[in-house]
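Hi everyone, thanks for making time this morning. Let me put the sequence and the structure up on the screen, and then I'll walk you through them.

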Amino acid sequence: MGRGKIEIKRIENPTSRLVTFSKRRSGLLKKAQELSILCDAEVAVIIFSNTGKLFEFSSSGMNKTISRYNKNLDSSEAAVVEYKTEKQDLKEVDVLKDEIAKLQVKQSRLLGKDLTGLSLKELQHIEQQLTEGLLSVKEKKEQLLMEQIEQSRVQEQRAMLENEALHRQVEEIRGFFPSTDDSVPTYLEYYPAKNSLLNIGVTTPDGACNHTMERDDSDTTLQLGLPNGVYQKRKQLETESHSNDSESRVGLL
C-alpha cells in the first residue's frame, strides 16, 4: 500500500514532532547539498529547532552567502525605490504638461486668439481680466513717470546750488582784483612819434640831434612803460623850465 497524504499542520505529540523534525531536517540538508552539486548553485540553509538549536548548510561558506544575500537585497530595494521615484516623477511631468497646455491656451485667449467655442460669460471674464491688467499697467507707468520727474527736480536743484556756489566764487575772485575803467592803449598810441620819426630822413645836424633825442626819449618811455600823453606833458614841462632858465640867465647878463 502507498503512503497516505499527511495533513500539513503542527504535530501535537512532542515525541512524534521531534522524530519528524530530525527526519525532515536531514532530508532538507541532503536535498540542498544535491542541488548545489548538480546545478552548481550557491545554497545556504539555516534551521533553528523549537528548542533554539542551530543547524545549517552552506555550499560556499555561510558568511559569504549571507553578505551576497544582503547586497542583492539592498540592490533590489534600491531598484524598487528608484522605480517608485521614477514613476512619481513621470506623474509630476504629466501634471506639469497639462498645466503648461492650459496656460498656453489662456495666454492665446488673452491675446484675442482661439476665441471660438467660448460662451458670453467666459468672454466677459476675459474682458475683465484685460481691463484690470490695463489699469495696473497705467498705474505702474504713472509711478515711473513721477519718479523720473522727481529725479529731474532733484538734479535741477543740485545744478542751481552748484551754479550759485560758482557765482560766489567768481565774486570772491573779483573782490581780490578790482576792475579799472581806463582802457589799455595800444602800441601805436604809446609811441606815435617814434614810428613817425623812423620814416623821416635826417637832412641837418640839428634835425639829427633832435631825432636822436626824441628817439632816446621814446626808448626811455618804452622802458618805463609810460603813455604818450604823460611823455608829452613831461616834455612840455621840461621845455618851459628850459626857456625860463634861459630868460633868467639873459636878465642876469
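The secondary structure of the protein chain comes to 7 helices and 2 strands. Reading from the N terminus, the order is α-β-β-α-α-α-α-α-α. Please keep in mind that this is a predicted model.

Some overall numbers next. The chain has 253 residues, and 9% of them count as buried.

Let's look at one member, Leu 29. Leaving aside residues up to four places away in sequence, Leu 29 touches Val 45, Ile 47, Glu 56 and Phe 57.

Staying in helix H1, please find Arg 25. Arg 25 is buried, yet has no salt bridge. Which side chain of opposite charge is nearest to Arg 25? That would be Glu 56, and the distance is 13 Å. What Arg 25 does touch, again not counting residues up to four places away in sequence, is Ile 47 and Phe 55.

Now follow the chain into the loop between helix H1, residues 14-39, and strand S1, residues 44-48. Asp 40 sits in that loop. The phi of Asp 40 is near 50 degrees, a positive value in a residue other than glycine. As a reminder, most residues other than glycine have a negative phi. Is Asp 40 buried or exposed? Asp 40 counts as exposed because its relative accessibility is 73%.

On to the charged pairs. How many salt bridges does a search of the whole structure find? The search finds 3.

Let me begin with Arg 68 and Glu 42, whose side chains meet at 2.4 Å, N to O. Arg 68 lies in helix H2, residues 62-110, while Glu 42 is in the loop between H1 and S1, so this pair ties together parts that are 26 residues apart in sequence. Arg 68 is partly exposed, at 49% relative accessibility. Glu 42 is partly exposed too, with a relative accessible area of 26%.

Another pair is Arg 10 and Glu 12, at 3.4 Å, N to O. Both Arg 10 and Glu 12 are exposed.

Then there are Glu 171 and Arg 174, which meet at 3.9 Å, N to O. Both lie in helix H3, residues 120-176, and they are 3 residues apart, about one turn of the helix. Glu 171 and Arg 174 are both exposed.

Which residues make the nonpolar patch of about 380 Å²? They are Ile 46, Phe 48, Leu 54 and Ile 66. Leu 54 is in strand S2, residues 54-58. With a relative accessibility of 43%, Leu 54 counts as partly exposed.

Conventions: Residues numbered from 1 in each chain as written. Predicted model: local features only at pLDDT ≥ 70, side-chain atom pairs only at ≥ 80, totals over all residues. Heavy atoms only, no water. Patch = residues over 30% accessible without salt bridge, like charges linked within 9 Å, V, L, I, M, F, W, Y side chains within 5 Å. Areas by Shrake-Rupley, 256 points an atom, 1.4 Å probe, with all protein chains shown as cover. Salt bridge = Lys/Arg side-chain N within 4 Å of Asp/Glu carboxyl O. Helix = DSSP H or I, 4+ residues; strand = E, 2+ residues; numbered from the N terminus. Buried < 20%, exposed > 50% of the residue type's maximum accessible area, 1.4 Å probe, protein only. Lys, Arg positive; Asp, Glu negative; His and termini not counted. Contact = heavy atoms within 4.5 Å.
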